[in-house]
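Subject: Structure for your review

Dear colleague,

Please find below the structure that I am handing over to you.

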Amino acid sequence: MVILKTQQEIEGMHEAGKLLAECHKQIAKIIKPGITTLQIDQFVEKFLAEHNATPEQKGYHGFPFATCASVNEVVCHGFPSDTPLKTGDIVTIDMVVKLNGYLADSAWSYAVGELSEEAQKLMDVTKKALYLGIEQAVVGNRIGDIGHAIQTYAEGEGFSVVRQFIGHGIGANMHEDPEVPHFGKPGKGLRLKEGMVITIEPMINTGTFAVRVESDGWTAKTADGGLSCQYEHTLAITKDGPLILTEQDPS
């Protein structure tokens, strides 16, 4: 069941989203060769505590960290580790922030030093795909319109769209209805209504869209060892268009 949010709830989630966005901006300042994703995770936990917020996914179904840290071929749900990042890595930091009882969810990918041409293109295409999907998140459109916009652009650039992990509604709980695939057909799926709050979070791969989950039950990697990248925003469907609650540089 899709739960429509009140203006007050959206405003509360927006405040959580602003804090989350600021956290990502601070991460961008410390990402460099030699830092570990475990150090980044510890930074996030400290940053949130200093702002009276908590990492919602820590403890979620036993997940032990404040962030998901996914490097190179890791698609999502990677565990932070003490392995130093190196020049050429792509690292995605995904987190859900709880502030004053309200949630916001955003993943962001970072380049570590100078990237290969392929890796840089992957990052650029993935970010653009996210915003093309968001453009379709308007009252009266359907879920399939979002996925179609992402899929046609990403595949047109020679990449693939992960099917196994998708966006979702968010509110009192981290994962709510509706499901938001990043592939699909225009005009299909649930119709978007004012008051819905969803995440759009495409995971784009250089090779196959197939993934495999490691023995830890969480870490998902590309089946062929190719690179993966992800960007994610939480957004509200409003009468005036999509309102990005986790935007890092609002205009």
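**Charged pairs and a buried aspartate**

A network of salt bridges links Arg212, Glu214 and Lys221. Here a salt bridge is a side-chain nitrogen of Lys or Arg within 4 Å of a carboxyl oxygen of Asp or Glu. In total, the structure holds 11 salt bridges.

Before the details, please note that this is a predicted model, in which local features need pLDDT of at least 70 and side-chain atom pairs count only at pLDDT 80 or more, while totals for chains, interfaces and linings use all residues. Residues are numbered from 1 along each chain as its sequence is written, and side-chain values use heavy atoms, with hydrogens and water left out.

**Pairs within helices**

Helices (H or I, at least four residues) and strands (E, at least two) are DSSP runs, numbered from the N terminus. In helix H1 (residues 7-30), Glu22 and Lys25 lie three residues apart, about one turn of the helix. These residues, Glu22 and Lys25, form a salt bridge whose closest N and O atoms are 3.9 Å apart.

Glu22 is partly exposed because its relative accessible area is 29%, and Lys25 is partly exposed at 31%.

Helix H2 (residues 37-50) holds Lys46 and Glu50, four residues apart and thus separated by about one helical turn. Their side chains meet in a salt bridge of 2.7 Å, N to O. Both Lys46 and Glu50 are exposed.

**A further pair**

Glu155 and Arg163 also have side chains that meet in a salt bridge, at 3.7 Å from N to O. Glu155 counts as partly exposed because its relative accessibility is 38%; Arg163 is partly exposed as well, at 25%.

**Asp89**

Where is Asp89 placed? Asp89 sits in the loop between strand E3 (74-76) and strand E4 (90-99). With a relative accessible area of 4%, Asp89 is buried.

The side chain of Asp89 makes a polar contact with that of Asn72, at 2.8 Å. A polar contact is a pair of N or O atoms within 3.5 Å; within protein, one must be able to donate a hydrogen and the other to accept it, and residues adjacent in sequence count only if both atoms are side-chain atoms. Leaving aside residues up to four places away in sequence, Asp89 touches (heavy atoms within 4.5 Å) Val71, Asn72, Tyr110, Ala111, Val112 and Leu115.

Yours sincerely

Note on methods:
Buried < 20%, exposed > 50% of the residue type's maximum accessible area, 1.4 Å probe, protein only.
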